[in-house]
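Let's take a friendly walk through the core packing and the aromatic rings of this model. Here it is.

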Amino acid sequence: MTVQKPGDPRVVELTPQPTVAVRVQKPFEELDLGALFDLHLPNIADRLADLGGTPAGPAYGRYHEFGPQQADVEIGIPVTGPVANLRPVAECESGEIGNSELPGGRAAVTTHLGSYDGLAATYDRLREWIRGQGLDDAPGPWESYIKDPSEVEDPAELRTEVVWPLA
């Protein structure tokens with residue numbers, strides 16, 4: 001039996017997950033991810049509570065496009081089902097809260113431990129692992145914040161799950 005360690009990539013089969021989210025498009029050189037998350041996550045949580053939605057997992061950031069010219073970032077919270085009185089996020093203006101979904105299907109998953117500064121290297125290693133397995137990555141990878149700064153004081157204790165859909 002093989003023991004799975006944090007950081008070891010694996011292939012999983014995901015079920016589609018409804019979310020409430022915003023999608024923001026910006027020129028890459030203007031992108032400040034920390035500021036985007038600080039602005040939008042509290043607003044999403046408040047709107048979700050106002051509309052009676054039920055969170056179903058940790059907040060996430062999904063990267064539909066990430067450089068070199070443009071960034072298209074989705075920031076959201078998984079929910080138990082679509083929330084009434086919200087349009088689909090695809091029909092919303094940039095930064096407007098709407099219903100969305102994290103896709104189902106096969107995906108490669110790994111866990112990043114520590115500061116967010118190292119996340120880019122984790123994405124690079126996961127993509128390299130995917131290709132090393134003879135698989136093809138699909139667009140729109142995301143990260144879920146299993147243990148985020150609101151839960152831990154030491155950045156070394158942050159735990160982020162990185163998910164990359166497979167073609």
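## Aromatic rings

Rings of Phe, Tyr and Trp (its six-membered ring) pair if their centres lie within 6.5 Å; planes under 30 degrees apart count as stacked, over 60 as edge-to-face and the rest as tilted. Phe 28, Tyr 63, Phe 66, Tyr 123 and Trp 164 form one aromatic cluster. This is a predicted model, where local features need pLDDT of at least 70, side-chain atom pairs count only at pLDDT 80 or more, and totals for chains, interfaces and linings use all residues. Residues are numbered from 1 along each chain as its sequence is written, and side-chain values use heavy atoms, leaving out hydrogens and water.

The whole structure holds six aromatic pairs. With ring centres 5.1 Å apart and planes at 90°, Phe 28 and Phe 66 are edge-to-face. Phe 28 sits in the loop between S2 and H1, and Phe 66 in strand S3 (residues 60–66), 38 residues apart; strands (E, at least two residues) and helices (H or I, at least four) are DSSP runs, numbered from the N terminus.

## Burial

Buried means under 20% relative accessible area, exposed over 50%, and partly exposed in between (1.4 Å probe, protein chains only). Phe 28, at 29%, is partly exposed, and Phe 66 is partly exposed at 42%. Tyr 63 and Tyr 123 are both buried.

## Nonpolar core

A nonpolar core is a set of buried Ala, Val, Leu, Ile, Met, Phe, Trp, Tyr and Cys residues joined through side-chain atoms within 4.5 Å. The largest has 28 residues, and Val 20, Ile 44 and Ile 75 touch the most other members. Helix H1 gives the most to this core, five residues.
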